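Morning, everyone. I'll take a few minutes to walk through one model.

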Amino acid sequence: MSLLALLSDYTLQNVAIGAALLGLVSGVLGSFAVLRKQSLLGDTLSHAALPGVCLGFIVGGGRHMGSILAGALITGALAALVMLLLTRMSRLKTDAALGISLSVFFAVGVVLLTYLQGGNNASQGGLDAFLFGQAAATLRSDLWIMGGISVFALALVAALWKEFKLVSFDTQFAATLGLPVAWLEALMTVMIALAVVVGLQMVGVVLMAAMIIAPAVAARQWAHRLESMVLLAAVFGIIGGVSGAMISALARGLATGPLIILSLSSVVIVSLMFAPGRGFVWEILKLKRDRRQLRYQQVLTTLYRLASHHSDPGYRLDQGMVDAYHRTNTKRALDRLMRRGLVTLTTPPSHEPGQRKQWVLTAEGYREAERILDSLGQEASA
Amino acid sequence: MSDTLHEPNLALHVEDLTVSYHGKPVLWDIDFDVPPGVMAAIVGPNGAGKSTLIKSVLGLVPSVAGHVTLFGRPYRGARRRVGYVPQRSSVDWDFPTTALDVVTMGLYGRLGWLRRPGKRERAEAMAALVMVGMEAFAGRQISQLSGGQQQRVFLARALVQKADVYFLDEPMAGVDATTERAIVDILRRLRDQGKTVIVVHHDLQTVRSYFDWMLILNVRVIAQGPVNDVYTADNLRRAYGGQIALLDDVTAPHPESPAAATSEDKSVGKSADDARNPPADSALGNIARETP
Amino acid sequence: MVYRRSVFAAALLGASTAVLAASESEPEPLDTVVTVGMLADVVETVGGDCVAVTTMMGPGVDPHLYQASARDVHDLDAAELILYSGYSLEGQLGKVFERFSRIKPAQAVAEAGMDDAQLIRTQDAYGVDPHLWMDAGLWAQTVPIVADTLSAQRPSCRDAMHANAEAYALELEALDAWIEASIASIPEDQRILVTAHDAFGYFGRAYAIEVTGIQGLSTATETGVADIRRMADVVVARGVPAMFVESTINPRTVQAVIAAAEEQGLTISIGGQLYSDAMGDAGTASGTYIGMLYANTTHIVKALGGQPAPLPPALGDWARRWGIASDGAGLSHASEEHAGDDQVRDEQASAEDTSS
């Protein structure tokens, strides 16, 4: 299947555009949720969308998409507000409040769903496609709705950028500036419901949580400022979405929604491992580098100390002796020091036994050792 | 002994303030006045309500009773004249932003909705960073700053608001000695410019050397007024309960106390006994001096 | 004391004889729980007044995904007999039936009624295609099984039930022939049935029409992009005039294929809503097994350019009962309505496609 043929395929275009829009919105809105420590908000709101989907079906009659999505938005927003009220008015922390809101709304949703399925209505088939999504069946009409919601969400974030930023960082200070903090917090929480509505048909209720969290978490590893984090999250979201769509087009029986999530997850894993300054691999490399650095310094200062002990700056040492002092093989360290011009190998004078070359400090090495000991606050003897 | 100053002449006037949390009183019937142009400390044992007092003045915490005015006006009307430095721990410092960015946030109130901070705002923020000695760290991520540096960034953020009264919540907790000195210097400069500085302070040892006005608080007001009048063993004992053993050391007058300075005496109700030189004897000497 | 005990025993004996006599003269209807409507229809027709049928899965319910609720378990517990289709059609209920089969009669009717050679084997985890009711001739083989199973529980009704069974078998035979004739009227190059999932394997084999579905045998899997594209390529290559949605499945997969085909220049209409895994609304013609296949065939034939054959006399009774004329007029409104809905939506979609 040539790449060009793939890219120009109508179905894939629809799915990829839809996935890209979803990734974009999830990345941008999810950044705020993650920074405000409400990562599982996406999970709660998407599960809470289920009763809304069922109610929208009951009200709109049949599979009228508009009323179903409106229902999802309404119950999602309600669940968010319930969560906020629980945290403000009781001693519950955010995680417990999210859990309660999620369970209650989802339970209501399942009851409604089974009631609808048990009822004698021959057109309710396939409502449970909302549980896991049916990304491959994205239609052009869906794209218009998704696009509209995405534009609205992005405009909202752009207009209230500095307010969102400050409230996410320091709610108390924001309040003293006169910002309506409670309203802004509610808005930031509820707008996640917009992302959920966009993603409902593509990845479904269960996987939406990952869409909200993954791009933001990945972006956080690389970004130093909120502006770049949100932008990067959007980019990651888009890349994950489009990759998932394209991979699922390669063979039959590959579900698109989960593949989008898997693509995003691999971006997250790579970011967690390799991001400079924060990545896991980075930390390990840094640790190793620091240890090596310390080893070089140790070896150099040992040579220095022995030299000063014998009052002979040109004091020579066998490889074996250096090893013995450090109780480990120091050849590599010594080679490295030699490359930096701090020690050198010389042949022993003819009157001494043994043919092997010996290590000796250079003048620069001598100074460097003094400098190290000085900076450590230890005495460098003259 | 003291003149009753009119409210507009007071930087802060708190009357009958009562705040409760889950039914238990945190602040009870607080009457507290701060004249303009002083550096005031709020001290008290843990749980005394010191942070709550500031937060309730600023409207961050609801009160059960009482009213508060700043320069004679309610807080909402006086917002522009107030600068706030919250506790460092109230914020997650792992947020992706730079020192300059945080200071710029202090200007958001002035910008209003929809306007973005531009060159002018950034220049002002930079100037504030210079004032606290952090200009070299302007582009540094705040997660990479030390405690003292973070505190200074917070202070710069308040400075940029160009307020008339500043509230600081434990600004010197957990900072190194150099930073503490630097902060005190900045606050003193503010006071010398005529600003009012009100600080929740955690360290009894340094109150007298840093501040010229003080409130001792333990749910209720224990005592308030010029530092040398208020800082007595008796008051401290009433506030802190059984920690008397420390008091003898603590109440010995500190050579750097403002009372020893010859600059204008800003304390309310000064008595004729101006020429108070710190006595060389112990705390008991202070008590003997407390005359109605 | 001995005297009193024997009096008591005699009274007891007398009472129970009276009760037995009473029950023998008027047997209680057999409390039967049946899973899918297609089977329930057979049970009701054969059993008549001798059975009281509770159908677990109503119209529009997907049996592949259906999970037993507490109410269902209660009904199963109270039932005297449990009948289900088998071959993993009721995929999620396997364990439930296994448990109940230990304490009461439970019969996998389709499994009992079929010869191995008659089954369509598949490559996937299913092994066997469970949609046997799509072939009226095959489904007719369940009728004697049902009659025997019911009679075993209610011997007094045996004669009545067997009479019903014979009559019903005749009807199904006639239906079988009618479907074959009707399908044959479709022009050969258009004789291809494209649906949302592979439910029509037996239909295709029995009535000589090519069938293909977007999803596989079970609706439990999620459709992939490749599935949509493959189907779009197939329908475009074959020039298929119409595709069909199913009552138990979200129509979007079909709409996606139609949109993709549209993009490639072929206009496909939605030929109607077919009943694949469940029958139509109760109280309508399509709410019966005969009506289900009748409606399906009528939609398929008309949409693909054929002409349904006139109804045979054996089905006359059934047609009169449900007010169906021989040309299909009077068909249940419900299925017409849904076909209309889908067509409207389809037209909207194609309008948007051409304008974007």
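I'll go from chain A to chain B and then to chain C.

A reminder before we start: this is a predicted model.

Now the contact with chain B. Here 18 residues of chain A meet 20 residues of chain B. Three helices of chain A each supply at least two residues to that side: helix 8 (161-169), helix 9 (171-176) and helix 12 (226-248). Which helix of chain A gives the most? Helix 9 of chain A does, with 4 residues. By type, the chain A side divides into 10 nonpolar, 4 polar and 4 charged residues.

Over to chain B, and its sheet. Six strands make an open sheet in chain B, ordered 5-6-7-3-8-9, with mixed pairing. Which strands of chain B stand at the edges? Strand 5 (82-85) and strand 9 (220-226) of chain B do; each has a single partner strand, so one side of each has no neighbour in the sheet. From one strand to the next, the twist averages 15 degrees.

To get your bearings, find Y84(B): it stands opposite F167(B) in strand 6 of chain B. Across strand 5 and strand 6 of chain B lies helix 6, residues 147-159. Helix 6 of chain B runs at about 170 degrees to strand 5 of chain B.

Two backbone details in chain B. Most residues other than glycine have a negative phi. K162(B) has a positive one, near 50 degrees, and is not a glycine. K162(B) sits in the loop between helix 6 and strand 6 of chain B. V219(B) is another non-glycine with positive phi, at about 65 degrees. V219(B) lies in the loop between strand 8 (213-218) and strand 9 of chain B.

Are these two buried or partly exposed? K162(B) is partly exposed, because 15 other C-beta atoms lie within 10 Å, and burial takes 20 or more. V219(B) has 21 within that distance, so V219(B) is buried.

Last, chain C. Start at strand 1 of chain C, residues 30-36, which pairs in parallel with strand 2 of chain C over 6 bridges. D31(C) faces A52(C) across that pair, with A52(C) in strand 2 of chain C. Between strand 1 and strand 2 of chain C the chain passes through helix 2, residues 37-47. That β-α-β crossover is right-handed. Strand 2 of chain C, residues 51-57, has 5 of its 7 residues buried, so the rest of the structure largely encloses it.

Now the domains of chain C. The assignment gives domain 1 as 27-173 and domain 2 as 178-355. Their C-alpha centres lie 26 Å apart. In chain C, 29 residues of domain 1 are in contact with 30 residues of domain 2. On the domain 1 side, helix 2, helix 6 (136-139) and helix 8 (158-184) of chain C each supply at least two residues. Helix 2 of chain C, the crossover helix, has the largest share, 4 residues. This side of domain 1 of chain C holds 16 nonpolar, 7 polar and 6 charged residues.

That's the tour.

Methods:
Residues are numbered from 1 along each chain as its sequence is written. Chains are lettered from A and ligands numbered from 1 in the order in which they are written. This is a predicted model: local features need pLDDT of at least 70, side-chain atom pairs count only at pLDDT 80 or more; totals for chains, interfaces and linings use all residues. Two residues are in contact if their C-beta atoms, placed from the backbone, lie within 7 Å. Ala, Val, Leu, Ile, Met, Phe, Trp, Tyr, Cys and Pro count as nonpolar, Asp, Glu, Lys and Arg as charged, and the others, Gly among them, as polar. Two strands pair if DSSP finds at least two bridges between them. Axes are lines fitted to C-alpha atoms, for helices over the stretch in contact, and angles run from 0 to 180 degrees between N-to-C directions. A residue is buried if 20 or more other C-beta atoms lie within 10 Å of its own, exposed if 12 or fewer, and partly exposed in between; C-beta atoms are placed from the backbone. A crossover is right-handed if, with the strands pointing away from the viewer, the path from the first strand over the helix to the second runs clockwise. Domain bounds come from an automatic or database domain assignment.
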